[in-house]
Amino acid sequence: MNPLTHLDDDGRARMVDVGGKPVTRRVAIAEGRLDTTAEVVALVQGDQLKKADVLPTARIAGISAAKRTSELIPLAHIVPLDAVSIDFGFEQSAVTIRATVSTTARTGIEMEALTAVAVAALTLHDMVKAVDPAARTGGIRLVEKRGGKRGVWRADAAGEPSASDPAPSDEPADGEAAAVGPDPVETDAAGGRRAIVLVASTRAASGEAPDTTGPAIVDWLRERGYDTPAPVVVADADIADAVRGAVAGSPSVLITTGGTGVNPGDRTPEATLAVLDQELPGVAEAIRAAGRASTPTAALSRARAGIAGRTVVVNLPGSRGGVADGLAVLDDLLPHLVDQVAGVDHAPRGRAGAARPATPRPIVPPTATVHAEGAHDA
């Protein structure tokens, strides 16, 4: 038997037959970098290169490349993509690239994520080569993949693979039956569930004001056992891309803060509704009701809550008081909600082993801080 799935027993190249594999949600994350000079990084950040719109152009190139991977990689399958997001970061003398790709299909999309990073990096190289001919692209690797029979694979948990190590793949070896069953519950390497916090605040994203709500939510989630990285702060105009990218990674929980009011720039509810498979209006209304006990302006919140894939998504206001009120509501609801989405049964109330007490705890706002929407804590 040939251990390489893209070769048959006679050593000839072939496309693997995935017809017998189950259709599941799959996500792949890849990264790479463009090493250049500090001066070029400053030019890219300030959009001051002669070839304008550097990052938007590289982003579109990466997305287009992901969509055309089957044309570029001979044995790659044609895969319907649910979403592709390209994010850039900056080091002193490098621009980093990260691609998140998701699909609902029979095979993985590692190659789509890697191709997106490679082409985005090459596009950046084309943009800067006039000022830095010595710029180098590299470091392209798979960071994480989810779905399929192997569940979750992460480079940091598996250790950095050497060039001789086989690349992780969703493809079954010859004669190996594909596993059939539901997608695994999303957990981190230690067995805990993952959560993401997004902060929608143009002022905080530009450095004009500190972010005081995101860290509070992160601390709250970590205290309840969630593997939660530092909050991601984005301008209001970028919240739609941020929400799509976060949901593509299939965390158990995504909590946003800010951008839920009636200001023309507040777009978090629209960005959330675009990714939801099911709305949970009762959760959103419970959070509004808790806020109204502190200030009548909480009634102006347009926050949403719901389920996107296997991710619980909740919008919270952009103020410390509004976040405190919302977390007090979620303290009662979130454990049961996350378990239900993950397929965990709960015994009915009043029977032995019931997951929650027979009488729910009253919702008492923990703070009287005024939290009018549209004014992210400054």
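Is the crossing of helix 7 and helix 11 left-handed or right-handed? The crossing is right-handed, where right-handed means that the near helix is turned clockwise from the far one by less than a right angle, and left-handed means anticlockwise. Keep in mind that this is a predicted model, where local features need pLDDT of at least 70, side-chain atom pairs count only at pLDDT 80 or more, and totals for chains, interfaces and linings use all residues. Residues are numbered from 1 along each chain as its sequence is written, and side-chain values use heavy atoms, leaving out hydrogens and water.

Let's stay with that pair. Helix 7 (residues 214-223) and helix 11 (residues 320-341) pack at about 20°, with axes 11 Å apart; helices here are DSSP runs (H or I, at least four residues), and strands are E runs of at least two, numbered from the N terminus. Axes are lines fitted to C-alpha atoms, for helices over the stretch in contact, with angles from 0 to 180 degrees between N-to-C directions. The two helices are therefore roughly parallel (angles under 35 degrees). Helix 7 brings Ala 216, Ile 217, Trp 220 and Leu 221 to the contact, while helix 11 brings Val 323, Leu 327, Leu 330, Asp 331 and Leu 334 (contact means heavy atoms within 4.5 Å).

Next stop: helix 10 (residues 281-292). Its buried residues include Val 283, Ile 287 and Arg 288 (buried is under 20% relative accessible area, with a 1.4 Å probe and protein chains only). Among what covers them are strand 10 (305-308), strand 11 (311-316) and helix 11.

Finally, look at Ala 99 in strand 3 (residues 94-105). Ala 99 counts as buried because its relative accessibility is 0%. Ala 99 and Ala 30 lie 69 residues apart in sequence, yet 5.3 Å apart in space, C-alpha to C-alpha.

Technical notes:
Parallel < 35°, antiparallel > 145°, perpendicular 65-115°, else oblique. Buried < 20%, exposed > 50% of the residue type's maximum accessible area, 1.4 Å probe, protein only.
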